[in-house]
Amino acid sequence: MEPLLKGLLGNDIITYVIMAFVPLLWVVPYALFAVWLERKVSAHMQDRLGPMRVGGWHGWAQTIADILKLIQKEDIVPAAADKKLHFLAPFVVFIGSYAAFATIPFSSAYVGSNLNIGLFYIVAVSSLVVVGILMAGWGSNNKWSLFGAIRSAAQIISYEIPTALALLVAVMLTGSLSLQEITKYQDGGMQNWILFGGPASLPGKFLLMPFTFVSFIILFVASLAETNRTPFDIPEAESELVAGYHTEYSGMKFALFFLAEYANMFAVSAIAATLFLGGWTSPFGSFLGGPIWGVFWFLSKGMFFVFVQMWLRWTLPRMRVDQLMYISWKVLTPWAFACVLGVGFYLVM
Amino acid sequence: MSLFDIAFYFFALITVASAALVVFSRNIIYSAFALLFTFFGVAGLYALLGADFVAVAQLLIYVGGILVLLLFGVMLTTKLVSVDMKTGTLQALPATLLFAAVAGALSGVYIITDWNVLAGAPDAATTAVTIGDMFLTTWLLPFEIASVVLLVALVGAAMIARRDARSKPTQQAAL
């Protein structure tokens, strides 16, 4: 897409600006849809109907009405808050989660920046979100916000280790950190997905499958914790902390936190789908392949995991802090190490 | 002005302005948060120099690790000792002398060095592969020594945390 735009516009700067804004065209409508979907999923799981009135068909316009309301709301800043940090925090959080989209390939024709170290970059920029959350917690000058922020930071940092190790399994198999390369490696249909051992020959596939399968599950569980989703939503535990680090936010700033959370949900789902489920490649080989269908496959795989995240949220209870740390350090990390070692042994042989 | 120049001046401005804020801010928490932008700007400069791996490692280690640790330190201690942590000016004369010496040395190095100027942006296509190869061939010994140092740090941190837990088992329940 980049050379095409350059040829069309003849200007580097405009091309890069357009390239940078393309993911936003997906993220914003997706967030509106996902908030509606979350309410519908939760409602149907609890034998309710959820929003039914706004817009006619099953309340489809509910979140559009909500966002219009949020735009008009007064922006309340607590008198004792640290004004500058309170103002800056939602932007830092959203920039951190949007920055991850820069190297995620939406199709064979579109990737914001085909960095050679794309995956490493994603791991690194996610730390921007941690700083933004700490900023929000401190700037609000509220004990619930601060507790929520510190819990969130501790949780995200702990779960970065199993996440990075699980990512490493896919990187070792493909020998590249570029997400575009990793996707291309899995081209040719479902049987070539890294989840099922990648495009290895038959005995090798069965040797690899247990390791790749386990590391995929580790990646998914850890990414739930990284996005503060249930069962790891201790940072925003309503029963203890009101709403965690965004307790003191209202209006558009609150909406920005919400947008960042849903953008994050899609980003981690997209990364899991790209690394282990072939990203934009078609599950049926060359059938329904190509750049346009690639966007369809990529978004469907991502949205499926977003749906799984919602499903889990309304199924599982919240963990305690000690259980959270137990899972990260004593379950996920050792198993992730085992997977890395197993795949390493296979590759050496 | 090319895109490269615009990007360079943008990152340079961010780095210098936020570094000034780090040093001159009276509030230590502002200094800590301003460091975020300094690290970000420096990472941008590395990326412009074609050192993409170093740029990302800078973000990962400094923003994800050191800055968060710093923020935790400030946040958890200010309320404990109930003293407002402020930065102030102490020992003005020795500080000025030291500053003059360092600034002089740096400027001297800058002027004396015969800089290797490249035409255009360097290619960053294979940095990760090259760095990996170098670590496991030419620079294997320093790499291994660094890993041993990190292992010792890890064991030491675990030791300190364990001893604390045994003597005061209920202390950490609060968080």
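## A tour of chains A and B

Select B:Gly50, which comes after helix α2 of chain B and has a positive phi, near 85°. The model is predicted, so local features need pLDDT of at least 70 and side-chain atom pairs count only at pLDDT 80 or more, while totals for chains, interfaces and linings use all residues. Residues are numbered from 1 along each chain as its sequence is written, and chains are lettered from A and ligands numbered from 1 in the order in which they are written.

**Chain B**

Step back to α2(B) itself, residues 28–48. At 1.5 Å a residue, its 21 residues should span 30 Å, and the end C-alpha atoms are 31 Å apart, which agrees. The expected span is 1.5 Å times one less than the number of residues.

Now show the whole of chain B. The chain has 6 helices and 0 strands, in the order α-α-α-α-α-α along the sequence. Helices (H or I, at least four residues) and strands (E, at least two) are DSSP runs, numbered from the N terminus. Of the 175 residues in chain B, 17% are buried. A residue is buried if 20 or more other C-beta atoms lie within 10 Å of its own, exposed if 12 or fewer, and partly exposed in between, with C-beta atoms placed from the backbone. Among contacts in chain B with a separation of 6 or more, 60% join residues 24 or more positions apart. Two residues are in contact if their C-beta atoms, placed from the backbone, lie within 7 Å.

**Where chain B meets chain A**

Select the contact between the chains: 21 residues from chain B and 22 residues from chain A. On the chain B side, α2, α3 (52–81) and α5 (127–136) each give two or more residues. The most come from α3(B), with 11 residues. By class, the chain B side has 17 nonpolar, 3 polar and 1 charged residues. Ala, Val, Leu, Ile, Met, Phe, Trp, Tyr, Cys and Pro count as nonpolar, Asp, Glu, Lys and Arg as charged, and the others, Gly among them, as polar.

**Helix α11 of chain A and two partners**

Next select α2(A), residues 12–45, with α11(A), residues 291–313: they pack at an angle of about 40°, with axes 10 Å apart. That makes the pair oblique. Axes are lines fitted to C-alpha atoms, for helices over the stretch in contact, and angles run from 0 to 180 degrees between N-to-C directions. Angles under 35 degrees count as roughly parallel, over 145 as roughly antiparallel, 65 to 115 as roughly perpendicular and the rest as oblique. The contact joins A:Ala34, A:Leu37, A:Glu38 and A:Val41 of α2(A) to A:Val306, A:Met310 and A:Trp311 of α11(A). Its classes are 6 nonpolar, no polar and 1 charged.

**Two loop residues of chain A**

Most residues other than glycine have a negative phi. Select A:Asp47, in the loop between α2 and α3 (62–72) of chain A; its phi is positive, about 60°. A:Asp47 is exposed, with 6 other C-beta atoms within 10 Å. Finish at A:Asn141, in the loop between α5 (118–139) and α6 (143–174) of chain A, where phi is positive, near 55°. A:Asn141 is partly exposed, with 16 other C-beta atoms within 10 Å.
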